[in-house]
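Please look over the sequence and the model first, and then follow the topics below.

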Amino acid sequence: MNEYAKLLQELDQTVKRMVFDSYGLDKVKCEMFLESTDYSFRSYKYKIPAMDESNVGVNSHTDSTFITILHQRVDGLEVKLKDGEWFGIDASPLFCVIAGDAFMVSFYHSSINILVSIRGNMTILISY
């Protein structure tokens, strides 16, 4: 698990470097920012909902972090678009990087996301 967390940290730092670079920001300041970053690794397991239970695993919310990296193998993640529509994210063995509240700039807004368990599937979500 430790190796996995280290790989997620590398992915996080790569994404942040790309953002800093796209804005033309100082590389030294970027490295200082990365060195001051604390990480939190979480793993969630959601049971298969019964037919009479809600299939919402996590209520809609925004992420307070700079970015959130998700790795899930079951469909169920949805992101609310600017027009108010919910968009389902296909599960795959790949990672999903979500811009959080701390990433907000005047012309960006963080996405609102929700996790919905698809009936008959157990949802396991790894968040970093």
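Which residues does Lys16 touch, not counting residues up to four places away in sequence? In this predicted model, Lys16 touches Cys30, Phe33, Leu34, Thr37, Phe66 and Ile67 when residues up to four places away in sequence are not counted. The points below place that residue in its helix, and then turn to helix packing, aromatic rings and the chain as a whole.

**Lys16 and its place**
- Lys16 lies in helix H1, which covers residues 2–22.
- With a relative accessible area of 4%, Lys16 counts as buried, because buried means under 20% relative accessible area.

**Packing of H1 and H2**
- Two packed helices are described by the angle between their axes and the distance between the axes.
- Helix H1 packs with helix H2, which covers residues 27–35, at an angle of about 150 degrees, and the axes of the two helices are 10 Å apart.
- That angle makes H1 roughly antiparallel to H2, because angles over 145 degrees count as roughly antiparallel.
- The crossing of H1 and H2 is right-handed.
- On the H1 side, Gln13, Lys16, Arg17, Phe20 and Asp21 take part in the contact, and they meet Lys27, Lys29, Cys30, Glu31, Phe33 and Leu34 in H2.
- Sorted by class, this contact of H1 with H2 has six charged, four nonpolar and one polar residue.

**Aromatic rings**
- A pair of aromatic rings is described by the distance of the centres and the angle of the planes.
- The structure holds three aromatic pairs.
- Tyr4 and Phe41 form an edge-to-face aromatic pair, with 6.0 Å from centre to centre and 80 degrees between the planes.
- This pair links distant parts of the chain, since Tyr4 belongs to helix H1 while Phe41 sits in the loop between H2 and strand S1 (42–46), and the two are 37 residues apart.
- Phe41 has a relative accessibility of 29% and therefore counts as partly exposed, a class that lies between the limits of 20% and 50%.
- Phe20, Phe33 and Phe66 form one aromatic cluster, and of these Phe33 and Phe66 are also among the residues that Lys16 touches.

**The chain as a whole**
- The secondary structure comes to two helices and eight strands, and along the sequence these follow the pattern α-α-β-β-β-β-β-β-β-β.
- The chain has 128 residues, of which 32% count as buried.
- Among contacts between residues at least 6 apart in sequence, 74% join residues at least 24 apart.

Conventions:
Residues are numbered from 1 along each chain as its sequence is written. This is a predicted model: local features need pLDDT of at least 70, side-chain atom pairs count only at pLDDT 80 or more; totals for chains, interfaces and linings use all residues. Side-chain values use heavy atoms; hydrogens and water are left out. Helices (H or I, at least four residues) and strands (E, at least two) are DSSP runs, numbered from the N terminus. Buried means under 20% relative accessible area, exposed over 50%, partly exposed in between (1.4 Å probe, protein chains only). Contact means heavy atoms within 4.5 Å. Axes are lines fitted to C-alpha atoms, for helices over the stretch in contact, and angles run from 0 to 180 degrees between N-to-C directions. Angles under 35 degrees count as roughly parallel, over 145 as roughly antiparallel, 65 to 115 as roughly perpendicular and the rest as oblique. A crossing is left-handed if the near helix is turned anticlockwise from the far one by less than a right angle, and right-handed if clockwise. Ala, Val, Leu, Ile, Met, Phe, Trp, Tyr, Cys and Pro count as nonpolar, Asp, Glu, Lys and Arg as charged, and the others, Gly among them, as polar. Rings of Phe, Tyr and Trp (its six-membered ring) pair if their centres lie within 6.5 Å; planes under 30 degrees apart count as stacked, over 60 as edge-to-face and the rest as tilted.
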